[in-house]
Structures are given as C-alpha cells and as structure tokens.
Amino acid sequence: MKPKFYVTTPIYYVNDVPHLGHAYTNIACDALARCKRLAGYDVFFLTGTDEHGQKIEKAAAAHGEDPQAFTDRISPSFRALWTTLGISNDDFIRTTESRHKAATTAFWQRLVERGAIYLGSYEGWYAVRDEAFYDESETALQPDGTRRAPSGAPVEWVVEPSYFFRLSAWQDKLLEFYEKNSDFIAPAARRNEVLSFVRSGLRDLSVSRTSFRWGIPVPGDPAHVMYVWVDALFNYVTATGWPDVHAPRAAFWPADLHMVGKDILRFHAVYWPALLMAAGLAPPRRVFAHGWWTVEGEKMSKSLGNVVSPGELVARYGLDPVRFFLLREVPFGSDGDFSRRSLISRINGELANEFGNLAQRSLSLVARHCESRLPSVGSRTEVDAALLAQAAALPGLVTATFERQAFHEGLEDVWKVVRAANAYIDHQAPWALKKTNPVRMAVVLRVLADVLRVLATVLQPVMPGSMARMLDQLGVPAEARDFASLGVPLADGVRLPPPEGVFPRYVDKE
Ligand code: MSP
C-alpha cells in the first residue's frame, strides 16, 4: 500500500473574489501534492470555501442577497480559479454543505460530552473583518476614539451570552506538544511567536454568538450559532468523512500539513490542536505559515485598487511562468513583493534563455543530426557521468526541500543543474562534432536528453503543463513520468516528435 499524505489550504472567505494571495497558497500546496504523488504517495489535497459568520452575513446583506444565495454565487469563482491555475485538489469543501454541518455538530457534541465547553457570557472586543476576539491590550486606540486590532481591522465591543471552550486548561499540554513535535510549527521564527503567545497565558475561548444567525446552530441551544473559526477549522476533519471510521478517506486524519498565511497561524497552531485534543482527536502533524505579497511595494487592497487578479496574470504571461515565479521569487515563509518587472525577468532569463534554450538547442540537434531518433547511450566520459550524477540527485533534493516547504531551495537545486547543463553543451559543442566526431556527438546529445528528462520530471509539480510538453518531446511515455521511473533508461532509437519551444520570451506589447 502507498504511504498517505494529506495537505490542506485554508478555506477562503467568500466575501470577496479570489486574488494573488489566495492563488499563492493553492499553487504552493499543489506543487507539494504533485511532488508527493510523483514520489509514490497516496495524496489527499483539500481546498474549499469558508461561508458562515458575521462577515459573510454582512457582505451578503450589502449585496442585497440572502447569505446562502450569495455564497452559492461566489464559491464557484474559487473553484473556477483553481481550474485555471491547474490546481489538482481532490476535494472542494464548502462549510454550508450538509456533510460539514453534520460533522461539526457531532464534534461540538463530543466537546460537550468531554466537559470542554460551558455556557457563560462574553464581554470584549471583536473584529468582524478578522472574525477574531481581541484582548484590549492587543488593540490600539485611534484619534477618533475607536479601536483597531493589530491587523488594522476595526473592533467593536460585544456583550452577549456565549459558550466557552476551556482553552486555559490546555496551556501546559500545548507547550508539551510543541516541545515533543519540534516541526509542528514552521518557519522557526513563527514557532517562537506562537510559543511566547501560549506562554503568556491562555484564556477560555468564546465559541458561540447570539447576535446574528448565519452559522451552524449550537446543538440543543439554537439561539447560538457556532463561532465561525470552530466551524471553519473543522472542515479539515469533515473532509475525511469523520465520524464515520469506515469512510474511504478516514485514514487520512491527522493531516500532514495545514498550509496557512501568517495572519491565521494562531487559529491553526493554538486553538485547533487544543480543540482536537479536547475532543480526543489527533492534532495535525504540521502547520506552515507563509508570508504575504505586496504589489509593486504596496499593500494589496481594494481601496488602493491594486488587487492582482490571478486570471489576468495567467492570460498575459501564461500559467506555468506565473506558478514558477511565485515559488521561485521569494524564500517560502518570507514576505515578497510582486512586480511585473521581476516576473518578466524570470520568464525571459531563467525560463526562456536558460532552460528553454537548453532544451531547444539539444532537441533540435537530435532532430537535425540524428534523424529525430533518441541516440543510444554509448560510451560516456567522466564529464558526462558527473553531469548525469548531479541530475540524478534531483528527485531526492526536490522531495526533501518540498517536504520542508522550501520550494525556492528545491528550484535553486534544479537551476544549478540547468546551469551545469548549459555549461556542458557550450563546452562540448555538439554542433561542431557533427563533422569531426559524430559518435561523440550522439553520446553528448543523449546525455543532454537524459538530463532534460530528469529536469522535466522534477519540475512537473511546479510547471505541469509545460513539463508534460517537454516530456512528450523527449518521448517519455505518460506512465513513466514519476520519480521511480527515472531509474529505467529510455529506449535507444525512440522516434521523437519535432521540437517546439516550451518557454517563449515575453515581449511587452505596450
Ligand atoms: N477563512 C479564513 C481561513 C479559514 S481556514 C480554516 C481566512 N480566509 S481569507 O480568505 O481571508 O484568507 C485566506 C488566506 O489568504 C490566508 O492564509 C491569508 O494569509 C492569505 N492571504 C490573503 N492575502 C494575502 C497576501 N497578500 N499574500 C499572501 N497571502 C495572503 O482567513
């Protein structure tokens, strides 16, 4: 049986259309999911939409729509974007689906049975935009007398009856859990933030609201709806079919990785494992908080009118270049700045000049001088063997870096080989060997074809469409594109289709 791997994206609020930030998370998770599949894992990759809560209720009202009709209208725009971006998710969950309401209700009941929830009353600050409660000490008083959360979201004073989750009882157990599972929170700097937050003391968490209706009713007390974050977090478990232990995906829990943005780490790394442990369920194995993108140096916001539409980017620059850029440009985990100039420079530099040309030069020589047939391996020199050995290490390096979400490092490892292969082709000059030493020319071209095959195989997770085209041109059968198949040499003499450039240069038409 294949080993299992379960990766999730956050589920997105449907108050807004999807933008670059959302695309980023899903592309990163997609690259990881595809990499694990190629490495032989049985992968479950989940994404979806977060549809309850006060923020959505307000957004629906602002559009003059019923919240269900509103979410039914917006949720498909996320689904459609994932298709445009080539996201290979295995399921798409909506929190308004009956499977989710049933599972979350059962989860709540489990918490009640275990004495983890009690009725009290909440009095404090709440930010609808963040759907989060804040301690007064976390808020900042504004000149006009109002207060704001650290995120900049306005907070309002809320007084209402509320159910509470006994979060305070989990402080020591959480610290022990982080201690034992040192990879649970990444990157390390984020882990330290969470540790100091938990060490500073945890208060019980308000987990129900009575002042609006758009949520999952609290079982046995329908005047309350569940706090949207409890509802939202549980999506990750719902999708495995819980509480049905025989559900086809039951064995995927606990998730191997929740990928989140840095702004929602606390919910995933503190509240979520405590809620799960309180219900007798296993906590996830890892939470990785990635950074945020600014756009041409500015915060992306509707009021600035600089929100980047992923669909527009793809239409202009092509899907794979955009996917590549997002994972290549910034160390994963750090913040990054999106600029068209840097996107174009990656496209024309690394994709067109370095990798595209390498493939085009090698394959057109095979077409021209080897009657479009893959030359046989022949007798290789030390230089040949050294380049091939460098390439052969890539599946292991890419898997290991992607497993730590160091996508930029994995891509740098791949590019070292691209650069080495370019140096090799320049030095060997196979075009000049045609007349002087055709036997050697064939050996060199075969080395290049074998290196290109490895490069295209390991880059499939990041650029699936272009790499499929490159593998077609190398005559690699569809069933021989996983990492294990790299151990089996390509058949000598296979007829190759005419080579076609995979990465065109981008020329600005404006
Ligand atoms: N609904 C919650 C998540 C619930 S998960 C159980 C939520 N939704 S969100 O739509 O507001 O944000 C989803 C993700 O988008 C977050 O991980 C957030 O960090 C990310 N991003 C939003 N803007 C971003 C950038 N400008 N850059 C990178 N990621 C950004 O929070």
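**Salt bridges, backbone exceptions and a parallel sheet**

D472 is partly exposed, with a relative accessible area of 42%, where partly exposed covers values between buried (under 20%) and exposed (over 50%), computed with a 1.4 Å probe on protein chains only. The model is predicted, so local features need pLDDT of at least 70 and side-chain atom pairs count only at pLDDT 80 or more, whereas totals for chains, interfaces and linings use all residues. Residues are numbered from 1 along each chain as its sequence is written, and side-chain values use heavy atoms, with hydrogens and water left out.

The side chain of D472 meets that of R481 in a salt bridge, at 2.7 Å from N to O; a salt bridge is taken as a side-chain nitrogen of Lys or Arg within 4 Å of a carboxyl oxygen of Asp or Glu. R481 counts as buried, with 12% relative accessibility. Over the whole structure, the search returns 34 salt bridges.

A further salt bridge connects D450 and R380, with an N to O distance of 2.8 Å. This pair links distant parts of the chain, 70 residues apart: D450 belongs to helix 17 (residues 438–459), while R380 sits in the loop between helix 12 and helix 13. Helices (H or I, at least four residues) and strands (E, at least two) are DSSP runs, numbered from the N terminus. D450 is buried at 13% relative accessibility, and R380 is partly exposed at 32%. By contrast, E312 and R316 both lie in helix 10 (residues 310–317), 4 residues apart, or about one turn of the helix. Their closest N and O atoms are 3.5 Å apart in the salt bridge. Relative accessibility is 32% for E312, which therefore counts as partly exposed, and R316 is also partly exposed, at 33%.

Two cis peptide bonds are described here. One joins A186 and P187, with omega about -5°; P187 lies in the loop between strand 9 (185–186) and helix 6 (188–199). The other runs from W253 to P254, with omega near 0°, and P254 is located in the loop between helix 8 (235–238) and strand 14 (257–261).

E131 has a phi of about 50° and is placed in the loop between strand 4 (117–127) and strand 5 (132–134). Its relative accessibility is 1%, so E131 counts as buried. For E371, phi is near 50°, and the residue occupies the loop between helix 12 (340–369) and helix 13 (382–392). E371 counts as exposed, at 61% relative accessibility.

An open sheet is formed by 6 strands in the order 3-2-1-14-15-9, with parallel pairing. Strand 3 (91–94) and strand 9 stand at the edges with a single partner strand each, so one side of each is left without a neighbour in the sheet. Two strands are counted as paired if DSSP finds at least two bridges between them. Strand 1 (residues 4–13) pairs with strand 14 in the parallel sense over 2 bridges, and T8 stands opposite H258 in strand 14. In general, strands of a sheet pair through backbone hydrogen bonds, either parallel or antiparallel.
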